[in-house]
Amino acid sequence: MPGLRAAAGRLVDLRASPHDIALGCALGAFVSITPLLGVQTLLAIIMALLLRASVPAAIVGTFVGNPISWPFIWVSTYFMGLQMVGLEGSFDPAAVERNINLLWSALLSPSPQLLDATVSLFWPLLWPMLAGSIPIGLLTAAIVYYISRNLVRGWRSRVMDRTPTAAE
């Protein structure tokens, strides 16, 4: 936990307002809920720049999505998305496993045709996940914003209380 504490300390010490830091963390958390692995950090940076949030905080926020949380995120976004796009009841575990195996084979082989065919098989899985990631990502972002803003404010006020004034 010492590494986590040091990272949190550096994040809190950024020259940004608690709102900017919290917004950056929330944007990163939102993006990390999407199934867009490989571009989540880039999307978080772009969103942070567009919304004038803290870019380092946005990068840290993307760690909400990690190999430990991915199974929970993917299952929840998929089932939420099925409801949203009107495909409820179309979950077939055997088809998902077959498509994952096909994708793995396509990634290991240099065949562009196999990769194209596999990507088209994944669209029915990806579309609900993208749709479901929006409400789940917004809820996650709101929670992360609230927690990180209060943590930054609390940390900074605690540090200010310990700092001796010039008159002392």
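What follows is a chat about a predicted model of a protein.

Colleague: What secondary structure does the protein have?

Modeller: Remember that this is a predicted model. The protein has 7 helices and 0 strands, so from the N terminus on the order reads α-α-α-α-α-α-α.

Colleague: And what share of the 168 residues is buried?

Modeller: Buried residues come to 34% of the 168. The accessible surface of the protein is about 10,600 Å², and carbon and sulfur atoms account for 72% of that surface.

Colleague: Which residues make up the largest nonpolar core?

Modeller: That core has 12 residues: Ala22, Leu23, Ala26, Leu27, Phe30, Val31, Ala44, Ala48, Ala53, Ala58, Ala141 and Tyr145. Two or more residues each come from α2 (18-32), α3 and α7 (112-162).

Colleague: Which element gives the most to this core?

Modeller: That's α2, with 6 residues. There is also another core apart from this one, with 7 residues, including Ile21, Ala29, Val144 and Val152.

Colleague: Let's look at α3. Which of its residues are buried?

Modeller: Gln40, Ala44 and Ala48 are the buried residues of α3. They sit on the same side of α3, because the arc they cover around the axis is only 70°.

Colleague: Why would residues spaced like that point the same way?

Modeller: An α-helix has 3.6 residues a turn, so residues three or four places apart point the same way.

Colleague: What do those buried residues pack against?

Modeller: The buried residues of α3 pack against α2 and α4. Take Ala44: beyond its neighbours within four places in sequence, Ala44 is in contact with Gly28, Val31, Ala58 and Thr62.

Colleague: Which exposed residues are on the face of α3 turned away from the buried side?

Modeller: Leu42, Leu49 and Leu50 are the exposed ones on that face.

Colleague: Why does Leu50 count as exposed?

Modeller: Leu50, which is in helix α3 (residues 40-50), counts as exposed because its relative accessibility is 66%, and the cut-off for exposed is over 50%.

Colleague: Which residues form the nonpolar patch on the surface?

Modeller: Leu50 is one of them, along with Val39, Leu42, Leu43, Ile46 and Leu51. Together these residues have about 540 Å² of accessible area.

Colleague: What follows α3?

Modeller: Arg52 follows α3, and the phi of Arg52 is positive, near 55°.

Colleague: Moving on to Val55. Where does that one lie?

Modeller: Val55 lies in helix α4, which covers residues 55-61. With a relative accessibility of 22%, Val55 counts as partly exposed.

Colleague: What does Val55 touch?

Modeller: Leaving out residues up to four places away in sequence, Val55 touches Ile45, Ala48 and Leu49. As for Thr41, that residue is 14 residues from Val55 along the chain, with 9.9 Å between the two C-alpha atoms.

Colleague: New topic: Ser32. Is Ser32 buried or exposed, and why?

Modeller: Ser32 counts as buried, because its relative accessibility is 1% and buried means under 20%. Ser32 is found in helix α2.

Colleague: Which residues does Ser32 touch?

Modeller: Not counting residues up to four places away in sequence, Ser32 touches Gln40, Gly61, Thr62, Val64, Gly65 and Ile73.

Colleague: Last one. What part of the contacts with a separation of 6 or more is between residues 24 or more positions apart?

Modeller: Residues 24 or more positions apart account for 69% of those contacts in the protein.

How values were computed: Residues are numbered from 1 along each chain as its sequence is written. This is a predicted model: local features need pLDDT of at least 70, side-chain atom pairs count only at pLDDT 80 or more; totals for chains, interfaces and linings use all residues. Side-chain values use heavy atoms; hydrogens and water are left out. Patches are made of residues with over 30% relative accessible area and no salt bridge: like charges are joined within 9 Å, nonpolar side chains (Val, Leu, Ile, Met, Phe, Trp, Tyr) within 5 Å. Accessible areas come from the Shrake-Rupley method with a 1.4 Å probe; for residues, only the protein chains shown count as cover. A salt bridge is a side-chain nitrogen of Lys or Arg within 4 Å of a carboxyl oxygen of Asp or Glu. Helices (H or I, at least four residues) and strands (E, at least two) are DSSP runs, numbered from the N terminus. Buried means under 20% relative accessible area, exposed over 50%, partly exposed in between (1.4 Å probe, protein chains only). Contact means heavy atoms within 4.5 Å. A nonpolar core is a set of buried Ala, Val, Leu, Ile, Met, Phe, Trp, Tyr and Cys residues joined through side-chain atoms within 4.5 Å. The arc is that of the directions from the helix axis to the C-beta atoms.
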